[in-house]
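Here is a short report on charged pairs and helix packing. Look over the sequence and the structure before you read on.

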Amino acid sequence: MNFIELTNLRQSVRRYSDKMVEPDKIEKCIEAARVAPSACNAQPWKYIIINNSKIKDMVAKATYDKVMSFNKFVPQAPVIVALITEKPNFMSQVGGWLKNKEFNLIDVGISAEHFCLQAAEEGLGTCMLGWFNEKKVIQILEIPKNKRPVLLITLGYAEDDYKQRIKIRKDKSVIACYNKYSFK
Ligand SMILES: Cc1cc2nc3c(=O)[nH]c(=O)nc-3n(C[C@H](O)[C@H](O)[C@H](O)COP(=O)(O)O)c2cc1C
């Protein structure tokens, strides 16, 4: 499988089988996430792998409520991964402040995608979740006060009949242009 094939294989999986995820596969995903690039090599992330079913169920319940029910699939996933932003190193903080850029969030996003692409290579499904009750997640995972869980990722084997979807994406000519900005 080449890289383009891998990027197409990765898709948000919202139905999971009961099959447990092998610990070595989780370790490979963590390794892929670890080598991600970051501003000033700050690596401002911490991955909490939640595979204890009690804790996982509590976190899963913090991803939906009666009004916003689209994450109701989350309890099916055998593993949930929480991504915490750590304080960046001094250079990245100064750079971000001077250039008015949220390097932390960019860094975490890149690392998260490394994680998910490796999971896809291992035959695992993932879904990044930005919608969850942050306060509850902080409380459940005992996250220190000055740190934020910015993303959750479900991880597990997709149900047997889960189909590969065609990607709905903007056209290349809309998202990219050469040499100057185009309003296409
Ligand atoms: C930052 C971020 C937050 C997301 N939050 C959610 C979420 O809360 N619930 C969900 O079902 N999908 C969520 N997604 C998944 C997107 O809906 C999905 O990536 C997008 O529709 C493209 O589909 P694909 O991942 O299958 O290619 C999120 C994705 C990202 C990158």
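Does Arg-10 count as buried or exposed? Arg-10 counts as buried, with a relative accessibility of 15%. The cut-off for buried is under 20%. Keep in mind that this is a predicted model.

## Salt bridges: the count

The model holds eight salt bridges. Three of them are described below, each with its partners and their places in the chain.

## Arg-10 and Glu-113

Arg-10 pairs with Glu-113 in a salt bridge. Their closest N and O atoms are 3.6 Å apart. Glu-113 sits in helix 5 (residues 103–121), and Arg-10 sits in the loop between helix 1 (3–9) and helix 2 (23–34), so the pair ties together parts that are 103 residues apart in sequence.

The partners can also be set side by side by accessibility. Arg-10 is buried, whereas Glu-113 is partly exposed at 25% relative accessible area.

## Arg-15 and Asp-161

A salt bridge also joins Arg-15 to Asp-161. Here the closest N and O atoms lie 3.1 Å apart. The two residues come from distant parts of the chain, 146 residues apart. Arg-15 is in the loop between helix 1 and helix 2. Asp-161 is in the loop between strand 4 (148–156) and helix 7 (172–175).

Arg-15 is partly exposed, with a relative accessible area of 31%. Asp-161 is partly exposed too, with a value of 47%.

## Lys-28 and Glu-122

Lys-28 and Glu-122 meet through their side chains in a salt bridge, 3.9 Å from N to O. Lys-28 belongs to helix 2 and Glu-122 to the loop between helix 5 and strand 3 (125–129), so this pair ties together parts that are 94 residues apart in sequence. Glu-122 counts as buried, at 12% relative accessibility. Lys-28 is partly exposed, at 40% relative accessible area.

Salt bridges can also share partners. One network formed this way joins Arg-15, Glu-159 and Asp-161.

## Helix 2 against helix 5

Two packed helices are described by the angle between their axes and the distance between the axes. The axes of helix 2 and helix 5 come within 7 Å. They cross at roughly 145 degrees. This crossing is right-handed.

Which residues make the contact? Helix 2 supplies Lys-28, Cys-29, Ile-30, Ala-32 and Ala-33. Helix 5 supplies Ser-111, His-114, Phe-115, Gln-118 and Ala-119. By class, this contact has six nonpolar, three polar and one charged residues. Lys-28 takes part in the helix contact and also in the salt bridge with Glu-122.

Note on methods. Residues are numbered from 1 along each chain as its sequence is written. This is a predicted model: local features need pLDDT of at least 70, side-chain atom pairs count only at pLDDT 80 or more; totals for chains, interfaces and linings use all residues. Side-chain values use heavy atoms; hydrogens and water are left out. A salt bridge is a side-chain nitrogen of Lys or Arg within 4 Å of a carboxyl oxygen of Asp or Glu. Helices (H or I, at least four residues) and strands (E, at least two) are DSSP runs, numbered from the N terminus. Buried means under 20% relative accessible area, exposed over 50%, partly exposed in between (1.4 Å probe, protein chains only). Axes are lines fitted to C-alpha atoms, for helices over the stretch in contact, and angles run from 0 to 180 degrees between N-to-C directions. A crossing is left-handed if the near helix is turned anticlockwise from the far one by less than a right angle, and right-handed if clockwise. Contact means heavy atoms within 4.5 Å. Ala, Val, Leu, Ile, Met, Phe, Trp, Tyr, Cys and Pro count as nonpolar, Asp, Glu, Lys and Arg as charged, and the others, Gly among them, as polar.
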